[in-house]
Amino acid sequence: MTTAILSALAEEQSGLVATLQQPQRRVHAGRVFWTGSLHGHSVVLALSGIGKVAAATTATALIERFGAARIVFTGVAGGVGDGVRVGDVVVAQDYVQHDMDASPLFPRWELPGYARARLACDGALSDLLLEAAHACTASAHGLFDANFFRTAPQVHHGLMASGDRFVSAAHESDQLRTALRAAGHDVLAVEMEGAAVAQVCLDYGVPFAAVRTISDRADDAAHADFALFVQTVASRYADHMVQAFLQRL
Ligand code: SAH
(Lines give C-alpha, C1' and ligand atoms only; values in the text may rest on other atoms or scores of the structure.)
Protein backbone atom coordinates (compact mmCIF):
# COMPACT_ATOMS: atom_id res chain seq x y z
CA MET A 1 0.00 0.00 0.00
CA THR A 2 1.55 3.28 -1.11
CA THR A 3 1.25 6.39 1.04
CA ALA A 4 1.58 9.73 -0.74
CA ILE A 5 3.22 12.56 1.18
CA LEU A 6 2.35 15.88 -0.38
CA SER A 7 4.25 19.03 0.51
CA ALA A 8 3.41 22.52 -0.63
CA LEU A 9 6.94 23.91 -0.72
CA ALA A 10 10.32 22.52 -1.80
CA GLU A 11 11.81 23.62 1.53
CA GLU A 12 9.43 21.24 3.32
CA GLN A 13 10.17 18.30 1.04
CA SER A 14 13.96 18.38 0.81
CA GLY A 15 14.58 16.58 4.12
CA LEU A 16 12.16 13.81 3.20
CA VAL A 17 13.78 13.21 -0.20
CA ALA A 18 17.21 13.06 1.47
CA THR A 19 16.13 10.23 3.78
CA LEU A 20 14.18 8.27 1.15
CA GLN A 21 15.41 4.66 0.66
CA GLN A 22 15.68 3.25 -2.89
CA PRO A 23 14.75 6.68 -4.26
CA GLN A 24 13.48 6.86 -7.82
CA ARG A 25 12.77 10.17 -9.51
CA ARG A 26 9.95 10.22 -12.04
CA VAL A 27 8.56 13.13 -14.02
CA HIS A 28 4.87 13.18 -14.93
CA ALA A 29 2.51 16.04 -15.85
CA GLY A 30 5.40 18.48 -15.49
CA ARG A 31 5.95 17.43 -11.90
CA VAL A 32 8.65 15.48 -10.08
CA PHE A 33 7.54 12.43 -8.07
CA TRP A 34 9.91 10.52 -5.78
CA THR A 35 9.08 6.90 -5.02
CA GLY A 36 10.86 4.74 -2.44
CA SER A 37 10.45 3.75 1.15
CA LEU A 38 10.50 5.71 4.40
CA HIS A 39 10.43 4.09 7.84
CA GLY A 40 9.42 0.77 6.25
CA HIS A 41 6.52 2.20 4.23
CA SER A 42 6.20 2.42 0.48
CA VAL A 43 5.83 6.14 -0.24
CA VAL A 44 5.57 8.60 -3.08
CA LEU A 45 6.62 12.19 -2.39
CA ALA A 46 5.35 15.11 -4.43
CA LEU A 47 5.04 18.87 -4.38
CA SER A 48 1.41 19.93 -4.68
CA GLY A 49 2.17 23.14 -6.56
CA ILE A 50 0.59 26.32 -5.24
CA GLY A 51 -3.16 26.85 -5.43
CA LYS A 52 -6.17 24.59 -5.83
CA VAL A 53 -5.86 23.57 -9.49
CA ALA A 54 -2.16 22.69 -9.25
CA ALA A 55 -2.84 20.65 -6.12
CA ALA A 56 -5.80 18.85 -7.74
CA THR A 57 -3.64 17.81 -10.71
CA THR A 58 -0.93 16.50 -8.40
CA ALA A 59 -3.43 14.57 -6.28
CA THR A 60 -5.02 13.02 -9.37
CA ALA A 61 -1.62 11.95 -10.71
CA LEU A 62 -0.70 10.45 -7.31
CA ILE A 63 -3.82 8.29 -7.38
CA GLU A 64 -4.05 7.43 -11.09
CA ARG A 65 -0.37 7.08 -11.94
CA PHE A 66 1.34 6.19 -8.67
CA GLY A 67 -1.38 4.11 -7.01
CA ALA A 68 -1.52 6.22 -3.85
CA ALA A 69 -3.90 4.48 -1.43
CA ARG A 70 -3.85 7.40 1.03
CA ILE A 71 -2.65 10.98 0.83
CA VAL A 72 -1.18 12.99 3.68
CA PHE A 73 -0.45 16.70 3.27
CA THR A 74 2.14 18.60 5.28
CA GLY A 75 2.62 22.31 4.82
CA VAL A 76 2.32 25.76 6.32
CA ALA A 77 -0.75 27.93 6.77
CA GLY A 78 -1.91 31.29 8.06
CA GLY A 79 -3.56 31.18 11.50
CA VAL A 80 -6.95 32.91 11.64
CA GLY A 81 -8.64 31.28 14.66
CA ASP A 82 -8.30 32.76 18.16
CA GLY A 83 -5.12 31.53 19.81
CA VAL A 84 -3.74 29.91 16.65
CA ARG A 85 -0.21 31.29 16.75
CA VAL A 86 2.93 31.12 14.63
CA GLY A 87 4.63 27.80 15.44
CA ASP A 88 1.36 26.05 16.37
CA VAL A 89 0.20 22.97 14.49
CA VAL A 90 -3.28 22.48 13.01
CA VAL A 91 -4.53 19.02 12.06
CA ALA A 92 -7.47 19.40 9.68
CA GLN A 93 -10.76 17.87 10.70
CA ASP A 94 -12.40 19.13 7.52
CA TYR A 95 -11.97 21.69 4.74
CA VAL A 96 -13.96 24.48 3.13
CA GLN A 97 -13.09 26.37 -0.09
CA HIS A 98 -13.36 29.96 1.08
CA ASP A 99 -13.46 31.30 -2.50
CA MET A 100 -16.27 29.00 -3.70
CA ASP A 101 -19.37 31.10 -4.35
CA ALA A 102 -22.05 29.93 -6.80
CA SER A 103 -24.75 31.93 -5.00
CA PRO A 104 -27.61 32.50 -5.53
CA LEU A 105 -27.76 29.19 -7.42
CA PHE A 106 -26.24 27.37 -4.44
CA PRO A 107 -25.72 28.47 -0.85
CA ARG A 108 -22.43 30.32 -0.50
CA TRP A 109 -19.44 27.94 -0.08
CA GLU A 110 -21.44 24.88 -1.16
CA LEU A 111 -19.59 22.82 -3.76
CA PRO A 112 -21.97 22.44 -6.71
CA GLY A 113 -22.66 18.76 -7.32
CA TYR A 114 -21.51 17.74 -3.84
CA ALA A 115 -24.40 19.12 -1.76
CA ARG A 116 -22.00 20.26 0.94
CA ALA A 117 -19.54 23.01 1.78
CA ARG A 118 -17.26 20.94 4.01
CA LEU A 119 -15.05 18.03 3.03
CA ALA A 120 -14.14 15.73 5.92
CA CYS A 121 -10.65 14.32 6.45
CA ASP A 122 -10.11 10.66 7.28
CA GLY A 123 -10.58 10.11 11.03
CA ALA A 124 -8.00 7.35 11.55
CA LEU A 125 -5.23 9.15 9.61
CA SER A 126 -6.06 12.43 11.35
CA ASP A 127 -5.77 10.70 14.75
CA LEU A 128 -2.27 9.52 13.81
CA LEU A 129 -1.34 13.03 12.68
CA LEU A 130 -2.63 14.40 15.98
CA GLU A 131 -0.48 11.93 17.92
CA ALA A 132 2.50 12.83 15.74
CA ALA A 133 1.85 16.55 16.20
CA HIS A 134 1.64 16.19 20.00
CA ALA A 135 4.88 14.19 20.06
CA CYS A 136 6.68 16.79 17.92
CA THR A 137 5.49 19.85 19.80
CA ALA A 138 6.23 18.21 23.16
CA SER A 139 9.88 17.95 22.15
CA ALA A 140 9.84 21.31 20.37
CA HIS A 141 12.55 22.87 22.49
CA GLY A 142 14.97 20.14 21.57
CA LEU A 143 14.07 20.12 17.90
CA PHE A 144 13.41 23.70 17.01
CA ASP A 145 14.97 27.04 17.74
CA ALA A 146 13.26 27.86 21.03
CA ASN A 147 13.84 31.59 20.55
CA PHE A 148 11.64 31.58 17.50
CA PHE A 149 8.49 30.96 19.52
CA ARG A 150 7.07 33.23 22.17
CA THR A 151 4.99 30.40 23.65
CA ALA A 152 5.17 26.60 23.60
CA PRO A 153 3.58 25.36 20.34
CA GLN A 154 -0.02 24.16 20.65
CA VAL A 155 -1.83 21.54 18.60
CA HIS A 156 -5.30 22.40 17.21
CA HIS A 157 -7.84 20.22 15.41
CA GLY A 158 -10.62 21.74 13.34
CA LEU A 159 -11.75 23.40 10.15
CA MET A 160 -9.24 24.63 7.59
CA ALA A 161 -10.02 26.89 4.62
CA SER A 162 -8.35 26.86 1.21
CA GLY A 163 -8.54 29.38 -1.61
CA ASP A 164 -6.50 30.86 -4.41
CA ARG A 165 -5.26 33.81 -2.40
CA PHE A 166 -2.33 34.41 -0.07
CA VAL A 167 -4.21 36.12 2.77
CA SER A 168 -1.89 38.91 3.83
CA ALA A 169 -3.96 41.67 5.41
CA ALA A 170 -5.65 41.72 8.81
CA HIS A 171 -8.89 43.12 7.37
CA GLU A 172 -9.00 40.35 4.73
CA SER A 173 -8.44 37.64 7.29
CA ASP A 174 -11.08 39.15 9.66
CA GLN A 175 -13.60 39.42 6.85
CA LEU A 176 -13.03 35.85 5.70
CA ARG A 177 -13.29 34.47 9.21
CA THR A 178 -16.36 36.51 10.22
CA ALA A 179 -18.33 35.65 7.07
CA LEU A 180 -17.58 31.94 7.38
CA ARG A 181 -18.32 31.93 11.08
CA ALA A 182 -21.74 33.52 10.51
CA ALA A 183 -22.58 30.46 8.39
CA GLY A 184 -21.35 28.08 11.10
CA HIS A 185 -17.87 27.49 9.67
CA ASP A 186 -15.36 28.31 12.39
CA VAL A 187 -12.03 28.38 10.58
CA LEU A 188 -8.70 27.85 12.36
CA ALA A 189 -6.30 28.38 9.47
CA VAL A 190 -6.13 29.37 5.83
CA GLU A 191 -3.98 27.98 3.04
CA MET A 192 -4.17 27.39 -0.71
CA GLU A 193 -4.33 23.66 -1.53
CA GLY A 194 -5.81 21.29 1.05
CA ALA A 195 -9.49 21.56 0.10
CA ALA A 196 -8.69 20.75 -3.52
CA VAL A 197 -6.83 17.58 -2.52
CA ALA A 198 -9.70 16.68 -0.17
CA GLN A 199 -12.16 16.99 -3.07
CA VAL A 200 -10.07 14.79 -5.40
CA CYS A 201 -9.70 12.21 -2.62
CA LEU A 202 -13.45 12.23 -2.03
CA ASP A 203 -14.04 11.62 -5.75
CA TYR A 204 -11.68 8.63 -5.73
CA GLY A 205 -12.58 7.29 -2.29
CA VAL A 206 -8.97 7.73 -1.11
CA PRO A 207 -8.40 8.61 2.59
CA PHE A 208 -6.90 12.06 3.08
CA ALA A 209 -5.46 13.91 6.07
CA ALA A 210 -3.55 17.16 6.48
CA VAL A 211 -1.33 18.87 9.01
CA ARG A 212 -0.23 22.48 8.72
CA THR A 213 2.18 24.42 10.85
CA ILE A 214 1.31 28.07 11.29
CA SER A 215 3.83 30.29 9.50
CA ASP A 216 1.97 33.58 9.85
CA ARG A 217 -1.27 35.12 11.08
CA ALA A 218 -2.64 35.95 7.58
CA ASP A 219 -2.31 39.62 8.58
CA ASP A 220 -0.31 42.63 7.41
CA ALA A 221 2.95 40.95 8.55
CA ALA A 222 2.10 37.62 6.86
CA HIS A 223 4.51 37.98 3.96
CA ALA A 224 7.58 38.54 6.13
CA ASP A 225 6.54 36.00 8.79
CA PHE A 226 5.86 33.37 6.12
CA ALA A 227 9.28 33.83 4.48
CA LEU A 228 11.14 33.66 7.80
CA PHE A 229 9.26 30.59 8.96
CA VAL A 230 9.81 28.71 5.70
CA GLN A 231 13.54 29.51 5.74
CA THR A 232 14.11 28.65 9.37
CA VAL A 233 11.86 25.94 10.77
CA ALA A 234 9.34 24.64 8.19
CA SER A 235 11.52 21.81 6.88
CA ARG A 236 12.44 20.55 10.37
CA TYR A 237 8.79 20.61 11.34
CA ALA A 238 7.77 18.66 8.22
CA ASP A 239 10.57 16.07 8.65
CA HIS A 240 9.73 15.36 12.27
CA MET A 241 5.99 15.33 11.69
CA VAL A 242 6.18 12.88 8.79
CA GLN A 243 8.65 10.65 10.61
CA ALA A 244 6.45 10.55 13.73
CA PHE A 245 3.38 9.86 11.57
CA LEU A 246 4.97 7.02 9.56
CA GLN A 247 6.28 5.38 12.74
CA ARG A 248 2.69 5.19 13.98
CA LEU A 249 1.14 4.07 10.68
N1 SAH B 1 6.83 29.97 -1.89
C2 SAH B 1 6.11 30.88 -2.72
C3 SAH B 1 4.78 31.39 -2.24
C4 SAH B 1 3.97 30.37 -1.51
S5 SAH B 1 2.32 30.86 -1.28
C6 SAH B 1 6.99 32.05 -2.91
O7 SAH B 1 7.45 32.62 -1.91
O8 SAH B 1 7.20 32.37 -4.07
C9 SAH B 1 2.06 30.39 0.38
C10 SAH B 1 2.00 28.93 0.67
O11 SAH B 1 1.88 28.74 2.05
C12 SAH B 1 0.82 28.23 0.04
O13 SAH B 1 1.23 26.93 -0.33
C14 SAH B 1 -0.24 28.21 1.14
O15 SAH B 1 -0.89 26.97 1.21
C16 SAH B 1 0.53 28.48 2.44
N17 SAH B 1 0.15 29.66 3.23
C18 SAH B 1 0.86 30.08 4.30
N19 SAH B 1 0.32 31.21 4.81
C20 SAH B 1 -0.76 31.52 4.06
C21 SAH B 1 -1.70 32.60 4.08
N22 SAH B 1 -1.61 33.58 4.97
N23 SAH B 1 -2.68 32.63 3.12
C24 SAH B 1 -2.74 31.64 2.20
N25 SAH B 1 -1.87 30.59 2.13
C26 SAH B 1 -0.88 30.52 3.04
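Visitor: Angles under 35 degrees count as roughly parallel, over 145 as roughly antiparallel, 65 to 115 as roughly perpendicular and the rest as oblique. How do H7 and H8 lie to each other?

Guide: A caution before the answer. This is a predicted model, so local features need pLDDT of at least 70 and side-chain atom pairs pLDDT 80 or more, while totals for chains, interfaces and linings use all residues. Residues are numbered from 1 along each chain as its sequence is written, and side-chain values use heavy atoms, leaving out hydrogens and water. Now, H7 and H8 are oblique to each other.

Visitor: Where are they, and at what angle do they cross?

Guide: H7 covers residues 222-232 and H8 covers residues 234-248. Their axes cross at roughly 55° and come within 4 Å. Axes are lines fitted to C-alpha atoms, for helices over the stretch in contact, with angles from 0 to 180 degrees between N-to-C directions. Helices (H or I, at least four residues) and strands (E, at least two) are DSSP runs, numbered from the N terminus.

Visitor: Which residues make the contact?

Guide: H7 brings Phe229, Val230 and Thr232. H8 brings Ala234, Arg236 and Tyr237. Contact means heavy atoms within 4.5 Å.

Visitor: Another helix, then. How many residues of H6 are buried?

Guide: 8 of its 11 residues, so H6 (residues 194-204) is largely enclosed by the rest of the structure. Buried means under 20% relative accessible area, exposed over 50%, partly exposed in between (1.4 Å probe, protein chains only).

Visitor: Which ones are they?

Guide: Gly194, Ala195, Ala196, Val197, Ala198, Gln199, Val200 and Cys201. After H6 comes Gly205, with a positive phi near 70°.

Visitor: Which residue other than glycine has a positive phi too?

Guide: Gln22 is one, with phi near 45°. Gln22 sits in strand E2 (residues 21-28). Trp109 is another non-glycine case, with phi of about 75°. Look for Trp109 in the loop between E6 and E7.

Visitor: Is Trp109 buried or exposed? And Gln22, buried or exposed?

Guide: Trp109 is buried, at 6% relative accessibility. Gln22 is exposed, at 58%.

Visitor: What else is in that loop between E6 and E7?

Guide: Pro104 is there, and E7 itself spans 118-120. Ser103 and Pro104 are joined by a cis peptide bond, with omega about 5°.

Visitor: Now E6 itself. Where is Asp94, and is it buried or exposed?

Guide: Asp94 lies in strand E6 (residues 89-97). Asp94 is buried, with 12% relative accessibility.

Visitor: What does Asp94 touch?

Guide: Setting aside neighbours within four places in sequence, Asp94 is in contact with Arg118, Leu119, Ala120, Cys121, Gly158, Leu159 and Met160. Val187 is 93 residues from Asp94 in sequence, with the C-alpha atoms 9.8 Å apart.

Visitor: Which residue pairs up with Val53 across 139 residues of chain?

Guide: Met192, with 9.7 Å between the two C-alpha atoms. Val53 belongs to helix H2 (residues 52-64). Val53 is exposed, at 61% relative accessible area.

Visitor: Last stop, Thr35. Which strand is it in?

Guide: Strand E3, residues 31-38. Thr35 is buried, at 16% relative accessible area. Leaving out residues up to four places away, Thr35 touches Leu20, Gln22, Pro23, Gln24, Val43, Val44 and Phe66.

Visitor: And Leu45, what does it touch?

Guide: Beyond four places in sequence, its partners include Ile5, Gln13, Leu16, Val17 and Leu20. Val32, Phe33, Trp34 and Leu38 also touch Leu45.
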